[in-house]
Amino acid sequence: MATTARLLLLLTVAGFCLCLTSGQGAIMGLGDGMATAAPPPPYCGSLRLAVEARNIIGWKTVPPPCAKYVADYMTGERYGRDADVVINEAIAYAESLKLSGSGKEIWVFDVDETALSTLPYQANHGYGAQPFDNQSFLKYIAQGSAPALQSTLRLYRRLLQLGIKPVFLTDRTEDKRAVTTNNLLQQGYCNWEKLVLQPVGLHTSTLAFKTCERQKLVNDGYIIVGNIGDQWNDIRRSPDGCRTFKFPNPMYYVD
């Protein structure tokens, strides 16, 4: 009886090792010979974590073997849960603040993939697996139909209740002011202190533009108590605010 049990154990272990070896082959192969129906390789979750932690920067597209993983993440429950964790922490922080009473406390919001979602556009462009096409993206923006990210809208509404004024800071260009304003209003963002857009023809990085605009806000006497964006370059470099929050986005990287 003991001999039989040991034999079954050896067979089980051997089968597990065979599966593990096959899985490692899929990891190393980066899609070579992978069936289209195969699940995403296990490293895709690790890549997403590395992107969110800014350990991987400067990338252009989602690796093709991870396209399905990113699509499933963005359209499934996990993305919403991850967003809620960020927003719950942001709200708890905001509620802990003691305001000066000057009315100068502001919270800086990015727009695309923070206040408004471009997921309807991304769904038709591989969820980041295809190279970015600026012209088609601008056509989507021009429609003014981007839905609100509900978790961010929840933070926005709580800030208004607390007396903290929202400021939208986006690298959308100034010629998109009307459509952006209408889109925000239609999606429930009914009031804000400022909507800052990038001048048409300005050739600079998101990091440089947003850092400069935040400095202008500080120079005008505003106190940036919070700052939230889906890109690290939305929230990096002083004056970044008293506290920053990174909204999840594994679909693209903005310099």
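Tutor: Here's a word we'll need: buried means under 20% relative accessible area, exposed means over 50%, and partly exposed is in between (1.4 Å probe, protein chains only). You're looking at a predicted model, where local features need pLDDT of at least 70, side-chain atom pairs count only at pLDDT 80 or more, and totals for chains, interfaces and linings use all residues. Residues are numbered from 1 along each chain as its sequence is written, and side-chain values use heavy atoms, with hydrogens and water left out.

Student: Does A90 count as buried or exposed, and why?

Tutor: First find A90 in helix α4, residues 77-96. (Helices are DSSP runs of H or I with at least four residues, strands are runs of E with at least two, and both are numbered from the N terminus.) The relative accessibility of A90 is 0%. Because that is under the 20% cut-off, A90 counts as buried.

Student: Leaving aside neighbours within four places in sequence, which residues is A90 in contact with?

Tutor: Contact means heavy atoms within 4.5 Å. With sequence neighbours within four places set aside, the contacts of A90 are W107, L155 and F245.

Student: What share of the chain's contacts with a separation of 6 or more comes from residues 24 or more positions apart?

Tutor: The chain has ten helices and five strands, and 41% of its 255 residues are buried. Take the contacts with a separation of 6 or more: the share from residues 24 or more positions apart is 72%.

Student: OK, what about K246: buried or exposed, and why?

Tutor: K246 is found in strand β5, residues 244-246. Its relative accessible area is 16%. Since the cut-off is under 20%, K246 is buried.

Student: Which side chain has a polar contact with K246 at 2.6 Å?

Tutor: A polar contact is a pair of N or O atoms within 3.5 Å; within protein, one must be able to donate a hydrogen and the other to accept it, and residues adjacent in sequence count only if both are side-chain atoms. A polar atom of the K246 side chain lies 2.7 Å from the backbone oxygen of D230. Not counting residues up to four places away, K246 also touches others, including V86, W232 and I235. The side chain at 2.6 Å belongs to E52.

Student: What is the volume of the largest cavity?

Tutor: On a 1 Å grid over the protein atoms alone, a cavity is a set of points where a 1.4 Å probe fits but cannot get out, a pocket is an open set with protein on both sides within 12 Å along at least five of seven lines, and lining residues have an atom within 4 Å of a point. Points are joined across faces, edges and corners, and volume is the space filled by probe spheres set on them. There are two cavities of 30 Å³ or more, and K246 and D230 are among the residues lining the largest one. Its volume is about 70 Å³.

Student: Which elements each supply at least two residues to the lining of the second largest cavity?

Tutor: This cavity has a volume of about 30 Å³. Its lining includes V108, F109, K210, R214, N227 and I228. The elements that each supply at least two lining residues are β1 (105-109), α9 (206-219) and β4 (223-229).

Student: What covers the buried residues of α9?

Tutor: α9 has 14 residues and reaches 20 Å between its first and last C-alpha, close to the 20 Å expected at 1.5 Å a residue (the expected span is 1.5 Å times one less than the number of residues). Its buried residues include F209, K210, E213 and R214. The cover includes β1, β2 (165-173), β3 (194-198), β4 and α10 (232-235).

Student: Which element gives the most to the lining of the largest pocket?

Tutor: About 1100 Å³ of space lies in this pocket. Of its 39 lining residues, those closest to the centre are F132, N134, F137, D171 and V254. The elements giving two or more residues are α5 (119-123), α6 (134-143), β2 and α9. With four residues, the top contributor is α6.
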